[in-house]
Amino acid sequence: MEALEAIETRRSIRKYKSDPIDDKTVELVLEAGRRAPSWANTQCWRFIVVRDNKMKAKVADTLFKRPGGFENPATEAVNTVPVLIIVCAQMGKSGCRPDGEIVTEKGDWYMFDTALAVQNMVLAAHALGLGTVILGAFDAPRAAEILGVPDDYSLITLFPLGYPDEDPEPRPRKELDEIVFRDKFGVK
Ligand SMILES: Cc1cc2nc3c(=O)[nH]c(=O)nc-3n(C[C@H](O)[C@H](O)[C@H](O)COP(=O)(O)O)c2cc1C
């Protein structure tokens with residue numbers, strides 16, 4: 001699949017088939033993450049591949065579920081999907097000098113770098129016929145404890161990886177003329 005086609009046809013998938021995914025295919029996805037650009041090539045990302053069903057259930061339990069409020073629509077998917085990819089970042093590397101001093105006013109760029117790796121993986125997965133949905137609405141500190149993530153790492157996001165069992169319509173996007181300016185912010 002061409003890159004532009006993959007970008008255009010990717011959707012967040014929240015319903016998956018139970019078909020297994022072999023290790024080689026998962027590795028192709030991880031490889032795409034590994035190839036992402038990062039601040040001074042610091043590569044602060046770390047990935048945990050979860051196949052254990054008990055671990056999936058524990059992680060699914062950290063997804064937001066507020067009585068009478070928001071329930072994460074991906075909870076069932078996290079419980080039942082063949083593979084979960086957990087994305088962590090080592091803190092104090094991206095956007096920092098080797099001695100740890102922060103370089104820009106934005107602080108640590110770990111969110112930025114890990115997002116690049118995640119998008120690479122999501123698009124690679126789609127090109128391989130797999131579905132994903134990037135997840136943010138969960139109790140990350142509790143998930144980090146369950147998964148044994150060390151204190152100097154932050155658990156950023158996770159995504160299920162499985163063969164899609166739905167074909168959602170594209171979600172709407174703002175038009176370019178709403179988000180693009182010419183020469184100066186606000187000038188159309
Ligand atoms: C940072 C981030 C966090 C997200 N968190 C969740 C989540 O917790 N649960 C969920 O079902 N979808 C989540 N999504 C998926 C978005 O809802 C989805 O990308 C958006 O609605 C656009 O739909 P599309 O991905 O199909 O184009 C998240 C996406 C991003 C980028």
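Asparagine 41 is exposed, with a relative accessible area of 54%; in this classification, exposed denotes over 50% relative accessible area, buried under 20%, and partly exposed the range in between, for a 1.4 Å probe and protein chains only. The structure is a predicted model, in which local features need pLDDT of at least 70 and side-chain atom pairs count only at pLDDT 80 or more, whereas totals for chains, interfaces and linings use all residues. Residues are numbered from 1 along each chain as its sequence is written, and side-chain values use heavy atoms, with hydrogens and water left out.

Asparagine 41 lies in the loop between helix H2 (23-34) and strand E1 (45-50), where helices (H or I, at least four residues) and strands (E, at least two) are DSSP runs numbered from the N terminus. Although asparagine 41 is not a glycine, its phi is positive, at about 60°. Glutamine 43 is likewise found in the loop between H2 and E1 and has a positive phi of about 50° without being a glycine. Glutamine 43 is partly exposed, its relative accessible area being 31%.

The chain contains seven helices and three strands, arranged along the sequence in the pattern α-α-β-α-α-β-α-α-β-α. The C-alpha trace spans about 50 × 40 × 40 Å along its principal axes. Of the 188 residues, 39% are buried. Among contacts (heavy atoms within 4.5 Å) with a separation of 6 or more, 76% are accounted for by residues 24 or more positions apart. The accessible surface, from the Shrake-Rupley method with a 1.4 Å probe, comes to about 11500 Å², of which carbon and sulfur atoms contribute 53%.

Two further loop positions were examined. Threonine 132 is placed in the loop between H5 and helix H6 (140-147) and is buried, with a relative accessible area of 3%. Neighbours within four places in sequence aside, threonine 132 is in contact with Arg11, Ser12, Ile13, Tyr16, Val122, Ala125, Phe159, Pro160 and Leu161. Aspartate 152, in the loop between H6 and strand E3 (153-161), is partly exposed at a relative accessible area of 42%. When residues up to four places away in sequence are not counted, aspartate 152 touches Ala89, Gln90 and Met91.

The largest pocket holds about 380 Å³ of space. Of its 14 lining residues, Arg10, Arg11, Pro170, Arg171 and Arg173 are the closest to its centre. A pocket is here an open set of points on a 1 Å grid over the protein atoms alone, where a 1.4 Å probe fits, with protein on both sides within 12 Å along at least five of seven lines, and lining residues have an atom within 4 Å of a point. Helix H1 (3-9) and helix H5 (110-127) each supply at least two lining residues, and H1 provides the largest share, three residues. By class, the lining comprises four nonpolar, three polar and seven charged residues.

Key. Grid points are joined across faces, edges and corners, and a volume is the space filled by probe spheres set on the points. Ala, Val, Leu, Ile, Met, Phe, Trp, Tyr, Cys and Pro count as nonpolar, Asp, Glu, Lys and Arg as charged, and the others, Gly among them, as polar.
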